[in-house]
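Hi everyone, thanks for coming along.

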Amino acid sequence: MQDRQLIVLGQIGAPWGVRGWVRLNSYTEPRDALLDYRDFYLRQDGEWRAARLAEGRPQGKSLVARLEGVTDRDEALLYRGAEMGVPREQMPDPGDGHYYWSDLEGLTVQRLDGKVLGQVAYMLATGEHDVMVVRGERETLIPFVMRKFVLDVDLDKKLISVDWEWD
């Protein structure tokens, strides 16, 4: 399974209890939406393989789950740090004007005057709004605020137009 076909939605954390449960670090919004994906892929040591959640639930401010076939803490520990991904086509349409971070990463960022600032290396969640980390001649942080700083996102052209003069 190629990385481009899979969207990373979370990561396996530390074991939780003694019966094979683990903590899940969810990258989804809302956090517990990760539990909606019972069938997914795990990436360990650069390799993807199919996996399945046997059960899972919110636990306090985090999520806990048990992978199918994992029944004790020692087995669960083997999965710590593994990334959880699902095929892009399994994910719901984000809707007009909304984007998955993975769709933005790698796009070219261009100012109104035509100057290319670079490509979106990754996105950051800051609480107030998301931020694009753009790498080109240098690294630039641009708030992902539509109609203020981000004027247009054209996924077909792989281009983000921005009104950004602070460099």
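Let me begin with a definition: two strands count as paired if DSSP finds at least two bridges between them. Strands themselves are DSSP runs (E, at least two residues), helices are runs of H or I with at least four, and both are numbered from the N terminus. This is a predicted model, in which local features need pLDDT of at least 70 and side-chain atom pairs count only at pLDDT 80 or more, while totals for chains, interfaces and linings use all residues. Residues are numbered from 1 along each chain as its sequence is written, and side-chain values use heavy atoms, with hydrogens and water left out.

So, which residue of β8 is the bridge partner of Gln 110? That would be Val 116. Strand β7 (residues 108–111) runs antiparallel to β8, with three bridges joining them. The two make a hairpin with four residues between them, and Gly 114 in the turn has a positive phi of about 95 degrees.

Moving on, β8 pairs with strand β9 (residues 130–135), again antiparallel, over six bridges. Here Met 123 stands opposite Met 132 in β9. This hairpin also has four residues between the strands, and Gly 127 takes a positive phi near 100 degrees.

Now for the inside. A nonpolar core is a set of buried Ala, Val, Leu, Ile, Met, Phe, Trp, Tyr and Cys residues joined through side-chain atoms within 4.5 Å. Buried means under 20% relative accessible area, exposed over 50%, and partly exposed in between, using a 1.4 Å probe and protein chains only. The largest core has 23 residues, and Ile 12, Leu 24, Phe 40, Leu 42 and Leu 67 have the most contacts inside it. Elements giving two or more residues to this core include β1, β2 (21–26) and β3 (39–44). Apart from it lies another core, of 16 residues, and our two methionines, Met 123 and Met 132, are among them.

Gly 85 lies in strand β6 and counts as buried because its relative accessibility is 0%. Its contacts (heavy atoms within 4.5 Å), leaving out residues up to four places away in sequence, include Leu 6, Phe 40 and Trp 48.

Beyond four places in sequence, Arg 66 touches residues including Arg 19, Trp 21, Arg 52 and Glu 55.
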